[in-house]
Each structure stands twice: as C-alpha cells, then as structure tokens.
Amino acid sequence: MLNIDLNLLVMLNALLTECNVTKAAQRSNLSVSAMSRALNRLRTSLNDPLLMKSGRTMVLTPYALSIRAQVSQLMDQLEYVFVVPNKLDLAVLSRQFTLRASAGFAENYGSALLTLIRQQAPNATLRIISKEIKHTQQLKQGDIDAEISVITDNTDPELKSRFLFSDVFIGVCNVTHPLVKQPITLELLNNYDFIGVQRQYPFNQLTHENCACTSTDTIKPAILNVTGFSTAITIVSQSQLIAILPKRFTHILRNQVLKQSLFSFPLPYSIPSLNISLLWHPKMHSDLAHKWFRDCILQVCNEINDIDI
C-alpha cells in the first residue's frame with residue numbers, strides 16, 4: 001500500500017498551478033512558511049526541485065511541467081470522491097427509478113408520479129413492480145429504490161420510512177345487488193356472500209381473511225379469495241359478491257373504469273385503516289437523486305387528496 005499524504009497532493013497542485021510559494025499558500029489557506037515546508041517535503045519525496053528561481057520569479061522544472069496536468073486531474077477525481085454533492089441537475093439526470101408497490105398504488109398514483117418525474121427530469125424513467133409476493137432483500141440489495149407498504153412487526157427495522165397517507169375501507173358491490181336499495185346494516189351485509197383479498201404470501205388455506213390487510217369476525221368468511229384489489233373489483237362487477245376494499249387504492253377502477261357497474265358504500269361497522277408508508281434502505285438516504293424521487297412520491301400522494309366514495 002502506498003503511503004501518500006493527500007494533503008501534500010493538494011499543496012503540490014497549488015504550487016504547480018501558481019508557480020509561486022506565496023500565492024500557493026494563499027490558495028491553500030496556509031502560511032507561507034507552511035507551504036515552504038511542504039515544498040521541501042515534496043522535493044525530497046519526488047527527488048526533484050519542482051520550482052526554481054529565474055530572476056525575480058520562479059519557474060517549473062521539466063518534471064514539474066510533465067506532471068502538472070496529471071496532478072490537476074487527480075485533484076478533480078479526489079473532489080468527486082470526497083466532496084459530497086449538494087446540487088442535483090435534474091435536466092441531465094438519466095436514471096431509472098424502481099418502485100415496488102401494489103397494483104392499487106400503480107393504478108391510482110403511477111400516472112401522476114411519472115408525469116411529475118418527467119416534468120422535472122425529462123430523461124428519468126419509472127418502473128413499478130408488483131409486491132404481491134414479497135422479496136424482503138430487494139431494498140438491501142439495491143434491486144429496487146423504494147417500496148410502498150404498510151409497516152408491521154415484520155418490517156425490517158433497519159429500513160428508513162416516511163408516512164404517506166391513511167386509506168379507509170369501504171364496501172363495493174354490483175349496482176344490481178339487492179342491498180343497493182336498502183339501508184345497509186351489519187345484519188344485512190351478513191345475508192350475502194363476500195369475496196376476499198389475500199395478499200400475504202405464503203397463503204394459508206385454513207385462514208379466512210375477509211378483506212385486504214385485516215381480519216375480523218364481524219363479517220362471515222369469503223366464499224372466494226383472490227390476490228389483488230383489481231381482480232376482486234372485476235369479479236364484483238360481474239357477480240353478486242361483496243368486497244371490502246381500501247378506498248384510495250381502488251378509486252380509478254371504481255369511479256372510472258367500472259363506474260357503471262359498481263356501487264360503493266361506507267361500512268356500517270368500524271375497521272382499522274391502512275397506514276401507507278414509503279420505505280427505503282439507509283444506504284440511499286443521502287443520495288440526492290433518490291431524495292428527489294422520494295419527494296416526488298410524497299408530493300403526488302399529497303396532491304391526490306382524500307376522495308369521496
């Protein structure tokens with residue numbers, strides 16, 4: 001291993017640039033005597049005078065002239081490595097950001113997020129991958145930049161997080177369903193059949209989950225279980241089943257794609273909401289581009305305010 005004092009390299013660059021001990025000292029915020037001592041150390045280490053008197057001025061030796069450009073390049077490289085950047089040029093940022101999120105987030109926030117990203121960084125791209133089956137090491141390995149998730153006891157405590165929003169549960173059924181024309185009560189709901197959403201892997205056939213991310217004895221077990229909100233809503237639009245689903249993550253499908261087929265209603269009983277957070281690995285925390293990407297996600301979530309059923 002080379003035993004190199006990088007401070008000497010800084011002083012050497014100043015001397016080769018200024019060709020003057022006094023000016024080199026000012027450039028390096030040192031005293032003239034300190035710069036003179038550094039010059040003597042450099043002469044000994046490099047076995048060359050480096051600077052020689054020529055009348056009232058000093059000139060570089062042939063060796064000093066030969067290494068001046070290389071030393072300047074080395075300084076540029078050192079600054080790139082050791083100086084933490086404090087400014088991000090979005091106009092030239094060319095990077096693909098990978099977000100792991102449910103289909104519900106992608107459907108309701110993906111378009112707005114991409115639009116915001118491209119407005120500020122025209123060369124940046126976005127990839128949203130499914131989270132139906134969890135791969136807990138993707139953030140740590142750097143395969144993805146961030147994840148939209150509900151923080152649980154199983155969430156890696158090492159990860160950084162930021163709260164985004166809360167999503168409440170609602171009921172959804174076909175517009176031809178009998179309950180549409182009646183006051184909806186818990187007793188009435190339990191007269192009909194449900195479709196459930198089981199999104200946690202591995203799936204346990206002995207566990208009956210009535211809706212996504214929650215279990216309750218209030219509603220009878222579902223007679224059909226699927227793995228996604230979109231699938232549940234599509235089936236509800238074609239059947240007489242009832243689904244209990246998060247409002248925000250199903251807004252687009254319910255109110256635009258399948259608007260004519262669906263009826264949404266508030267639940268006649270209390271159920272915990274989903275607290276949605278953004279997760280990322282600490283190694284990406286200080287990366288300026290990554291921080292900007294996280295801010296874009298937060299901005300989009302804030303702009304799409306709470307919506308009516």
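**Exercise 1. The contact of α5 with α10**

Task: Work out which residues of α5 meet which residues of α10, and at what angle the two helices pack.

Solution. Begin with the residues, taking contact to mean heavy atoms within 4.5 Å: on the side of α5 they are Phe105, Tyr109, Ala112, Leu113, Leu116, Ile117 and Gln120, and these meet Trp292, Phe293, Cys296, Ile297, Gln299, Val300 and Cys301 in α10. Next, sort the residues of this contact by class, where Ala, Val, Leu, Ile, Met, Phe, Trp, Tyr, Cys and Pro count as nonpolar, Asp, Glu, Lys and Arg as charged, and the others, Gly among them, as polar; the result is 12 nonpolar, two polar and no charged. The model is a predicted one, in which local features need pLDDT of at least 70 and side-chain atom pairs count only at pLDDT 80 or more, while totals for chains, interfaces and linings use all residues. Residues are numbered from 1 along each chain as its sequence is written, and side-chain values use heavy atoms, with hydrogens and water left out.

Now turn to the geometry. Helices (H or I, at least four residues) and strands (E, at least two) are DSSP runs, numbered from the N terminus, and axes are lines fitted to C-alpha atoms, for helices over the stretch in contact, with angles that run from 0 to 180 degrees between N-to-C directions. Helix α5 covers residues 103-120 and helix α10 covers residues 288-303; they pack at an angle of about 125°, with their axes 9 Å apart. This angle makes α5 oblique to α10, because angles under 35 degrees count as roughly parallel, over 145 as roughly antiparallel, 65 to 115 as roughly perpendicular and the rest as oblique. Finally, α5 passes α10 in a right-handed crossing, a crossing being left-handed if the near helix is turned anticlockwise from the far one by less than a right angle, and right-handed if clockwise.

**Exercise 2. The sheet on which these helices pack**

Task: Give the order of the strands in the open sheet that contains β12, and say which strands stand at its edges.

Solution. First the order: five strands form this open sheet as β4-β3-β5-β12-β6, with mixed pairing, where two strands pair if DSSP finds at least two bridges between them. Then the edges: β4 and β6 (160-167) each have a single partner strand, so one side of each is left without a neighbour in the sheet. From one strand to the next, the twist averages 25°.

Now follow β3 to its partners. Strand β3 (residues 96-100) runs parallel to β4 (residues 125-129), and five bridges join them, with arginine 100 opposite isoleucine 129 in β4. The chain crosses from β3 through α5 to β4 in a right-handed β-α-β crossover, a crossover being right-handed if, with the strands pointing away from the viewer, the path from the first strand over the helix to the second runs clockwise. Strand β3 is also parallel to β5 (residues 146-150), through two bridges, and here leucine 99 stands opposite alanine 146.

Helix α10 touches β3, β4, β5, β6 and β12 (274-280), and its direction makes about 15° with that of β6.

**Exercise 3. Helix α1 and its partners**

Task: How do the axes of α1 and α3 cross, and how do those of α1 and α4?

Solution. For α1 and α3, the axes come within 10 Å and cross at roughly 100°, and the helices are therefore roughly perpendicular to each other. The contact is made by Leu8, Met11, Leu12 and Leu15 of α1 with Met35, Ala38, Leu39, Arg41, Leu42 and Leu46 of α3, and it divides into nine nonpolar, no polar and one charged residues.

For α1 and α4 (residues 62-82), the axes come within 9 Å and cross at roughly 130°, and these helices are therefore oblique to each other. The crossing is left-handed, and the contact has 12 nonpolar, two polar and one charged residues.
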